[in-house]
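Work through the exercises below with the structure in view. Try each task before reading its solution.

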Amino acid sequence: MFGKKQKKSFVLALCGGGGRGLAHIGVLEVLEEHGLRPSAIVGTSIGAMFGSMYALTPDAAQVRERLMRFLSSDEFHNLGLPSLKKGKEQADDDWLNRLTSAARQSVVYAKSMMNASLAPGELLIQAAHALTEHSSFDEAVIPMHIVAVRFPGGECHLFSHGNLCRPIAASMAIPGVFEPIEIDGDQYVDGGLAAEIPAVEARYVAKPDEIVVAVNTGARPDPERIPSHVLAMVDWAMQVKSLYLRNYEKQHAELLIEPLVGYTQWMDFSRVEQEIEKGREATLEKMPELMRLIS
């Protein structure tokens, strides 16, 4: 699988993005097919999850298979991510379904006014357990590093030792959606707040003669969608801020892979094969440049 020895090694930086991060699997598949293995992986949010899975078992087919099982499991459905219905399926919803949806939204709005988060962080820990089997950083075949943000101080922290599950969960704990995750007496939340593309952190991990390859699966504001309420406007503002933060972060990578997933919603895991294929396509496009950089 990795028979050819590459002349120069690289550190792989995997972005956050929820469902958009499914493209990471396609990236890993193509790298593997070309006999390329990163010397280390640095992951934020969903990039921390998929990066850890691959670091433990550097076999993209196994990562894909385990993910597909997880998406059909109780652990995934217990996360309570909103379901996205489009086209005819949405049009065919009867009045009862629409009423139920409205009632559910009312509960969410009420809960958001009374609590700091909508869901317990334990759900993310359970998901990490299911996908990494209670593994530790020391068990990784490829050195793994995970970005999270200390709460409430806001400092960026890079986890590289100990149990994997809690740092993974912390890196995915979107503020307001999931509770902060406690690790060694401190609380941590989504690493994407400080390093959505962890290229700076990858540069810190990389040796002087190594390059950084970053994968950008961040959101882009949809020019066809005008925010219709306060929460939508806040979401739009965060997307714009995130877009410009990523523009800064990606300057620290020698090679940037950008799958065309920017308009996919973070909670949408319904198009697994399509998102993985976008990752494959973007990586194949960049492969000649990558081969020149490491030769």
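**Exercise 1.** Why is helix 8 (residues 165-172) largely enclosed by the rest of the structure?

*Solution.* Start with the ground rules. The model is predicted, and local features need pLDDT of at least 70, side-chain atom pairs pLDDT 80 or more, while totals for chains, interfaces and linings use all residues. Residues are numbered from 1 along each chain as its sequence is written, and side-chain values use heavy atoms, without hydrogens and water.

Helices are DSSP runs of H or I, at least four residues, and strands are runs of E, at least two, numbered from the N terminus. Buried means under 20% relative accessible area (1.4 Å probe, protein chains only). Seven of the eight residues of helix 8 are buried, so the rest of the structure largely encloses this helix. Among them are Cys165, Pro167 and Met172.

**Exercise 2.** Which backbone oxygen lies 2.6 Å from a polar atom of the Ser171 side chain?

*Solution.* Find Ser171 in helix 8. Its relative accessible area is 0%, so Ser171 is buried. The oxygen belongs to Val147. Ser171 also touches other residues, including Gly43, Ala48 and Asp190 (heavy atoms within 4.5 Å).

**Exercise 3.** Which way do the residues of strand 7 point?

*Solution.* Ile211, Val213 and Val215 point one way. Val212 and Ala214 point the other way. In a regular strand, side chains alternate between the two faces of the sheet. Five of the five residues of strand 7 are buried, so it is largely enclosed.

**Exercise 4.** Which residue of strand 7 is the bridge partner of Ala13?

*Solution.* Strand 1 (residues 10-14) pairs with strand 7 in the parallel sense, over five bridges. Pairing takes at least two DSSP bridges. The partner of Ala13 is Ala214.

Note on methods. Buried < 20%, exposed > 50% of the residue type's maximum accessible area, 1.4 Å probe, protein only. Polar contact = N/O pair within 3.5 Å; in protein donor to acceptor, adjacent residues only side chain to side chain. Lists of a residue's contacts leave out its neighbours within four places in sequence.
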